[in-house]
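Thanks for coming. I will go through one model this morning, and you can follow along on the screen.

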Amino acid sequence: MNRRRLLHSLALTGSSATLASGQSVATSIEALRNVAIAHGVKLSDERLRVLQGTLDQRKARIQLVRDFEIDDSIEPTNGSF
Amino acid sequence: MAASELYFQSAAELAPLIQSRKISPVDLVRACLAQIDKTNPKVNAFLTVVGDRAMQQAREAEREIRAGRYRGPLHGIPYAPKDICATKGIRTTNGSRVTADWIPDHESTVTERMNQAGAILIGKLNLLEFAMGSGQKGLNGPARNPWNLSYSPSGSSSGSGAALAAGMVPLTIGTDSGGSIRGPAKSCGVVGLKPTYGRVSRYGVTTLSWSLDHVGPLARSVADIARILQVMAGADPKDPTASKAAVPDYSKALAGKVKGLRMGVPSEHFFTHVHPDTDRALREAIFTLKRMGVEVVEVKVQNAAMCSAASAILLGSESAAFHQKRLKEQADQFDPLVRERLEAATFYSAIDYIQALRIRTTMIEEMRRVFRSCDVLMLPAGNAAPKLDTEITGTDLPPDPPPAPRPDAVNLANVTGIPSLVLPCGFTTASPTLPLGIQFCARHFDEATLLRIGHAYQLETDWHKRYPPAMA
């Protein structure tokens, strides 16, 4: 895996994800494998095939978060009220 | 009093009998153990029963009460926590083969406070593995709904709801990160409270999601919820997220009037895909509350649809982080669906997570805005209990699922940390007869208003007094 392919794979599951953009193309097993490696996680191809379906089902929900427009002044909550 | 008469009494009904020595804690514990023996093989609510220990504690309670040392309204009352609360020296499985043999060397704060109040631990309750919303196989198979054993009690605090409905114990403890107290309360026809985030210490309770986890009580009545919350709530040096906000006298809230109380009812979003039975029951409840003097105010919760989306990323990321080591070393020991959910979170980015936290900030401010125009918010608690599928393969979403009620109605309170109470408000019309629930939410740390409206509603109705005939 070279740097170019890694960045391409990360782009597929990151904020500009083809998968998460709701387009019908599912992320390839290779792309998922590259992202998992980049995140330090070892997953077999069998596991990746299961997760491919799971992520496909969740992409609309994840995309809601990615598309939500938030004012720059809004900070992540620290949990105190 | 015959043992069978004790099974479905609330703690509020039992306490004066114990204090006046009309019944003994020994008889009460014995009755609970008998009911567990009779119904648990079918309901599977309990994973562990500590009968000998409970009887010993009951005899101690009896001696103390005879000597005039009555500790309060929970003294001598049996209870059981979800098996995710560490109990020193007693197996705590988290409903998982991963920790099936774990015997903690420490006590969770919530059970320690119950024990100090004189409540008697009867055993540990079944749950969905590690409190995740999936994984019905778990350690010992799923708990079943006492109203119909082919149906789910809902989860993840499945045993906490089922044990109450089956008359096994009058008080239980659950946890709620995405509806896991309120779902079982609704499906089992009992009362469940998800308190304000930080109202109850999470020390000694296995983490699902640091941002969304809440520990809370389930019981047969709102009056009982007030008593158990009084014991559980408060600061804890062992849990830095446990709030130092003053704990009010919750029993005083029960005496409050509801005339003039403003109840917000959302005009859109939350009531999509609500079953006609649920819709009818909620409308009847609104009618009852209006008759009692509650003012209904139409409100709108902006960006409500973001709650379940943000919750999914927060819960997924945090649970994956918590289980990272276990997932590397014991992946095969997890329920397949739990493992799938944990591994899927690998593919969320840090930006996704931070955005979810910023959505949380946005929604907290939104609820502050909503509560300027109402004192309590009414939401659906979901439709009636689903059928219990013992074989779930592949992913945990069946193909072409029927439209489900908006999960945001449940996730809203977890994401924003506001307290939320679910109580029974009716039953399904078609067979099988299953309970229906109504949900109320309030401002942060205003559990008192929830208790006030919930108790007032229960004085006017008797849904909470009904129990499954098959369990009697």
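Let me start with a term: a residue is called buried under 20% relative accessible area, exposed over 50%, and partly exposed in between, with a 1.4 Å probe and protein chains only. By that rule B:D83 counts as buried, because its relative accessibility is 0%.

Before going further, the ground rules. This is a predicted model, where local features need pLDDT of at least 70 and side-chain atom pairs count only at pLDDT 80 or more, while totals for chains, interfaces and linings use all residues. Residues are numbered from 1 along each chain as its sequence is written, chains are lettered from A and ligands numbered from 1 in the order in which they are written, and side-chain values use heavy atoms, with hydrogens and water left out.

Back to B:D83. Helices here are DSSP runs of H or I with at least four residues, and strands are runs of E with at least two, numbered from the N terminus. B:D83 sits in the loop between β2 (78-81) and α5 (109-116) of chain B. Which side chain does B:D83 join in a polar contact? The side chain of B:K124, at 2.9 Å. A polar contact is a pair of N or O atoms within 3.5 Å; within protein, one must be able to donate a hydrogen and the other to accept it, and residues adjacent in sequence count only if both atoms are side-chain atoms. Contact in general means heavy atoms within 4.5 Å. Not counting residues up to four places away in sequence, B:D83 touches several residues, among them B:L47, B:R91, B:N94 and B:L127.

Next, the sheet in chain B. Two strands pair if DSSP finds at least two bridges between them. The sheet is open and has 10 strands, with mixed pairing, in the order β3-β2-β5-β7-β6-β11-β12-β10-β8-β9. The edges are β3 (120-121) and β9 (295-299) of chain B, each with a single partner strand, so one side of each has no neighbour in the sheet. Within the sheet, β10 (residues 376-380) and β12 (residues 435-441) of chain B run antiparallel and are joined by four bridges. B:M378 stands opposite B:F440 in β12(B).

Now chain A. Chain A has three helices and zero strands, and 37% of its 81 residues count as buried.

Last, the interface. The contact takes 30 residues from chain A and 36 residues from chain B. About 3100 Å² is buried between the two chains, and carbon and sulfur atoms give 66% of that. Buried area is the accessible area (1.4 Å probe) that two parts lose on being put together, summed over both. A:V65, A:F68 and A:F81 supply 24% of the area that chain A buries against chain B, more than any other three residues.

The count between chain A and chain B is two salt bridges, a salt bridge being a side-chain nitrogen of Lys or Arg within 4 Å of a carboxyl oxygen of Asp or Glu. One of them joins the side chains of A:R66 and B:D352, at 2.7 Å from N to O. The largest share of the side of chain A that touches chain B, 13 residues, comes from α3(A).
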